[in-house]
Amino acid sequence: MAFDALSDVSDEALLVLYANGDRGAARALTVRLVPRMLGYGARLLGDRAEAEDVAQEAMLRLWRIAPDWRQEEAKVTTWLYRVVTNLCTDRLRMRQRRRLSALDDAPDVEDGTPSAEAGMIEADRIVALNAALTHLPDRQREAVVLRHIEGLTNPEIAAVMDIGVEAVESLTARGKRALAAILSGRREELGYEKGN
Amino acid sequence: MKKATDMTEHDLDDLFAAARAQAPLDDAALQARICADGLRLQLQPKPVARHAASGKFGWWAALSNALGGKRGLAGLGTAAAAGVMLGFVQPTSVLALTESFFAVQTVDEVDLMPGIDAILTEG
């Protein structure tokens, strides 16, 4: 099927088309899903190169499961987020075992930071946020990123993380409080003025 | 106590919004690799079997498949031919073997339908 004709087709239907040999579906799924999974993985790992490996591995698993995919069971994105989450968790544990903390691998917040007087541009705020995220416990980071950046609903996050909705709410609330604590004292530096 | 320099809920929401608005990470080379993986692993559509489509040899095809296809049929035919040959030729080694099996077996015979003479004799 032509690539353009697939723009309105759901992920699940695309996967069925892919399993039936439609080459356009493979391209459409790649374009649609890889940037999201890459971004999510990069936020969990704080490392772009590792996130690329994770995205490729997750998509490889999607290609392999396609012939056995049952549409009624889950959304493709939920399934993929779960796979990426698990792969990232494995890598983070491996890092800990190698005594390489997430903090060591995180981008340095101070690098390239413009002066406080000039205020930080938006990209720098994002760098600061990503660096702060790497300081959160794994589960809190996953929940916060899925809820507040990836825009998933709490039930969707519960499905991804295989926990209850109440646990998701608790994790996101604690994660936000922890983020605020990590970024405490930096409000002005991040360009937020009094009264904003 | 919250200080004026601490991040507020609103500040955090603003940071999240900035992250959401960030252009998605795009990597053409990575996408090309992943798409190539997908195309390599993609199952090709299976051609429809000629006999099954016509229906002419449906039962024969089903039987053949049940027996393991051509190889299964060949094996079955060979075994059947060997059995027939052994039955006709009766090699001595096989004869000795079968006799050794059946000669030692004793079976108590019970006459379930005795003749009238036997009943009269026993009274």
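The model is predicted, so local features need pLDDT of at least 70 and side-chain atom pairs count only at pLDDT 80 or more, while totals for chains, interfaces and linings use all residues. Residues are numbered from 1 along each chain as its sequence is written, and chains are lettered from A, with ligands numbered from 1, in the order in which they are written.

Of the 123 residues in chain B, 9% are buried; a residue counts as buried if 20 or more other C-beta atoms lie within 10 Å of its own, as exposed if 12 or fewer do, and as partly exposed in between, with C-beta atoms placed from the backbone.

The two chains meet through 40 residues of chain A and 29 residues of chain B, two residues being in contact if their C-beta atoms, placed from the backbone, lie within 7 Å. On the side of chain B that touches chain A, α1 (9-21) and α2 (28-41) of chain B each supply at least two residues. The largest share, nine residues, comes from α2(B). By class, this side of chain B has 16 nonpolar, six polar and seven charged residues. Here Ala, Val, Leu, Ile, Met, Phe, Trp, Tyr, Cys and Pro count as nonpolar, Asp, Glu, Lys and Arg as charged, and the others, Gly among them, as polar.

Attention now turns to chain A. Two packed helices are described by the angle between their axes and the distance between the axes. Helix α2 (residues 23-45) of chain A packs against helix α4 (residues 76-97) of chain A at an angle of about 30°, with the axes 10 Å apart. That angle makes α2(A) roughly parallel to α4(A), a label for angles under 35 degrees, whereas over 145 is roughly antiparallel, 65 to 115 roughly perpendicular and the rest oblique. Residues of α2(A) in this contact include L33(A), M37(A) and Y40(A), and those of α4(A) include L80(A) and V84(A). By class, the contact of α2(A) with α4(A) has nine nonpolar, one polar and one charged residues.

Y40(A), R43(A) and L44(A) in α2(A) meet R141(A), E142(A), V145(A) and I149(A) in α7(A). That contact has four nonpolar, no polar and three charged residues.

A58(A) sits in helix α3 (residues 48-65) of chain A and is buried, with 26 other C-beta atoms within 10 Å. Leaving aside neighbours within four places in sequence, the contacts of A58(A) are M37(A), L80(A), V83(A), V84(A) and L87(A). A58(A) and M37(A) are 21 residues apart in sequence and 8.5 Å apart in space, C-alpha to C-alpha.

In the largest nonpolar core, of 61 residues, M37(A), A55(A), A58(A), L80(A) and V84(A) touch the most other members. Such a core is a set of buried Ala, Val, Leu, Ile, Met, Phe, Trp, Tyr and Cys residues joined through C-beta atoms within 7 Å. The largest share of this core, 12 residues, comes from α2(A).

Methods. Helices (H or I, at least four residues) and strands (E, at least two) are DSSP runs, numbered from the N terminus. Axes are lines fitted to C-alpha atoms, for helices over the stretch in contact, and angles run from 0 to 180 degrees between N-to-C directions.
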